[in-house]
Amino acid sequence: MKTFPIGGVHPSENKLSCGKAIEVLPLPDVVAIPLAQHIGAPAVAKVAKGDKVLTGQLIAEAGSFMSANIHSPVSGTVTAVDLVPNGQGIRQMMITIKREGDEWAEGIDRSETLVRECSLPASEIVAKIKDAGIVGMGGATFPTHVKLSVPPGKKAEALIINGVECEPYLTSDHRTMLEHGEELLVGVTILMKALDVKSAYVGIENNKPDAIAHLRKLAAQYPGVEIVPLTVKYPQGGEKQLIAAIMGRQVPPPPALPIDVGAVVCNASTTYAVYRAVQKNMPLIERVVTITGKGLKEPKNLLARMGTPIETLIAAAGGLPEDAGKVINGGPMMGRAMVNLASPVTKGCSGITVMSGRDAVRREASQCIKCAKCVAACPMGLEPYLLSKMTQKKGWETLEAQMITSCIECGCCQSTCPAYLPLLDWIRLGKQTVMGIIRQRAAAAAPKK
Amino acid sequence: MEVLLYTILTLCALGVLSAVILYFVAQKFRVEEDPRIDQVEKMLPGANCGGCGFAGCRGMADALVKNDDISALFCPVGGGDCMKAVASYLGKTAAEKGPQVATVRCGGTCEMRPRTNEYNGARSCAVASSLYVGETGCAFGCLGLGDCVVACAFGAIAVNPATGLAEVDPAKCTACGACVKACPKGIIELRKKWPKDRAVYVSCVSRDKGAVVMKACKVGCIGCGKCEKVCAFGAITVENNLAFIDSEKCKLCRKCVNECPTGAIRLVGMEPLPREPKVAPAAGAKPAGVAAPAPEAPKAE
């Protein structure tokens, strides 16, 4: 069975909610929609305070090519376009809408009937995906239409669908593959058409045998689509790791992208959203969010509208347990701890993990004993102990030479460190700083041309 | 014995030959350096703190000698006297700048600004502020993880465990500005240094709206603008819900201190003005006595 060659760890899976069917969460009374919930330029608000909006109506337009449209997830009145604290307490521009009923914009097909045939040409498919504001729903929130617009001189050879979901606890992609397998595969054929590729691989880790079996059975009717079971190893869901596992190719360091080795990777939930956008004109206004944690009464998978306050989801899962120590937006490896539970569900929010007291607290850090466990664990072949130390010493040139920008922030180093050093905390800071320096240098060099 | 003799002689000959070669090479490739650079370097404090913007005092001395106009260069550690001495030696005119002191503009102590969560990551303000808002409801205040303490080469700044805030020791502070650069929240400012470390400043940098500030902190600036109206010297401006006192314009009259509804304006080294402005200063012996050394516009240094 296939897997990626360098590094990786095996955290406890804790997929508590994998057997729970997706439940539809009742419509929220108030939603808050951040204008920057994707990589790239923030969207530009098209509505103002007091405006009436319909469900699925465009409320913010992509700010540039590298950006995404945003649609209203409910119908009602815009009450504010203002700075609101996000999950980390940081003030962000958000559109707040008070819900009134549930009236939908025209042209959206809300029925469950499967539409298999897609006769649109590639350019129109990409345009539809762009209009629907679809971004990578695995967490990275890279605008999907940008991935599909292959730059001239490059050629996509294969499409890879990411059904790995290697992050512990999370099960939203798993449930989507099980419950919307047929639609997902139609989505795959649509993406294949958009990219003009003949083969697609759906990578699924073999801790989800039901999803593998289900999709294998369905995939028989879809030529060119192959289901690839993978050995369980974190972070297999990382784009570059998945390409290495399935195609055996290494993506060069940034600014190279997967397309440079002929691959385009798309998350399973995103592929389902693509199906809905192209075949049903459904913009990205809702997503499956896993709400999970050992102390939680009822871990489950909820279909929630974007902008729903996260506390509503926690309440639906039985409320915050008494010993809750930390609430994480995402999974325990790559998620971000939250300080504001009133913050909304966004396009990249695949799960909410509630850690109980004992699991939530980090152990006290001691000294680095140069055991090099972090080096062995790093899936990018970096030297985390060095990157962390050099960030503390502000050695930005060394960090750039040591390829800190290649770090995917998966947290393998930190989880494997026997001294409990906060390696990733430092590396993230170093990466941000070095990327800032590179951007500045590029900006300074640009006018000379 | 002979072997030893020859060896010594050969080595001596080689040594003399190399010395001669090196002498001529040194003559040929000699770098003419202005001797004044050495002199100026001696006049500078020699702290090599980087506060002037150069890597060390040598770099600064080099720039002082080579540039005709040295008004943009200033050594914060040596101060005006040092710059004057250097300028008169070089026959140039130096920038006039009074002494300054680093000021931490946050009053959010543990009691005033309740903690809403506990930070568990790497002990660094830069790391914490890149991750999230901080341990309190205020997105602008001091994180208390001590990046400024690490940056200070003079041991002049420390985080007080009782308040959770960074505090500057004005006696040790040289105003080199290292802490200003290190603070990711931009809380520390270099302000004019008055005698006896007197100071009046807005001890808050929150640009949040008043209601949000009040919720997070009891001594935050809500941007009401009362201080701006009462200031007779035009030293106070309110922008983005935040008042700012220009330390070069402020005369320490202290009227704004009484006006501030939240107590965000801090007064150091002086008694506040009596609350009733109509009370004759002569009648109340105590306030008059303390107020005497600081009249409304003390110009004497």
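I take a nonpolar patch to be made of residues with over 30% relative accessible area and no salt bridge, with nonpolar side chains joined within 5 Å. The model I am reading is predicted.

**Entry 1: surface of chain B**

I looked for such a patch and found one of about 420 Å², made by B:Val16, B:Val20, B:Tyr23 and B:Phe24. I placed B:Val16 in helix α1 of chain B, which covers residues 2-28. I then checked its exposure: B:Val16 counts as exposed because its relative accessibility is 54%, and the cut-off for exposed is over 50%.

I turned next to the interior. In soluble globular proteins, nonpolar side chains tend to be buried together. The largest nonpolar core here holds 55 residues, and I noted B:Ile157, B:Ile188, B:Val200, B:Ile245, B:Cys256 and B:Ile265 as those touching the most other members. Which elements give two or more residues to this core? I listed α14 (423-445) from chain A, and from chain B the strands β1 (100-104), β3 (165-168), β5 (199-202), β7 (242-245) and β8 (265-268), with the helices α5 (125-131) and α10 (255-259). The largest share, five residues, comes from α5(B).

**Entry 2: where chain A meets chain B**

I counted 17 residues of chain B in contact with 16 residues of chain A. The two chains bury about 1300 Å² between them, and 58% of that area is on carbon and sulfur atoms. On the chain B side, B:Asn120, B:Ser130 and B:Leu131 lose the most area to chain A, together 37% of what that side buries.

How many salt bridges are there between chain B and chain A? I found two. A:Arg91 forms a salt bridge with B:Asp208, and I noted 2.5 Å between the closest N and O atoms.

**Entry 3: A:Thr171**

Not counting residues up to four places away in sequence, A:Thr171 touches A:Lys15, A:Ser17, A:Cys18, A:Glu165, A:Thr290 and A:Asn301. I also looked up A:Val288, 117 residues from A:Thr171 along the chain, and found their C-alpha atoms separated by 9.1 Å.

Definitions and conventions:
Residues are numbered from 1 along each chain as its sequence is written. Chains are lettered from A and ligands numbered from 1 in the order in which they are written. This is a predicted model: local features need pLDDT of at least 70, side-chain atom pairs count only at pLDDT 80 or more; totals for chains, interfaces and linings use all residues. Side-chain values use heavy atoms; hydrogens and water are left out. A nonpolar core is a set of buried Ala, Val, Leu, Ile, Met, Phe, Trp, Tyr and Cys residues joined through side-chain atoms within 4.5 Å. Buried means under 20% relative accessible area, exposed over 50%, partly exposed in between (1.4 Å probe, protein chains only). Helices (H or I, at least four residues) and strands (E, at least two) are DSSP runs, numbered from the N terminus. Patches are made of residues with over 30% relative accessible area and no salt bridge: like charges are joined within 9 Å, nonpolar side chains (Val, Leu, Ile, Met, Phe, Trp, Tyr) within 5 Å. Accessible areas come from the Shrake-Rupley method with a 1.4 Å probe; for residues, only the protein chains shown count as cover. A salt bridge is a side-chain nitrogen of Lys or Arg within 4 Å of a carboxyl oxygen of Asp or Glu. Contact means heavy atoms within 4.5 Å. Buried area is the accessible area (1.4 Å probe) that two parts lose on being put together, summed over both.
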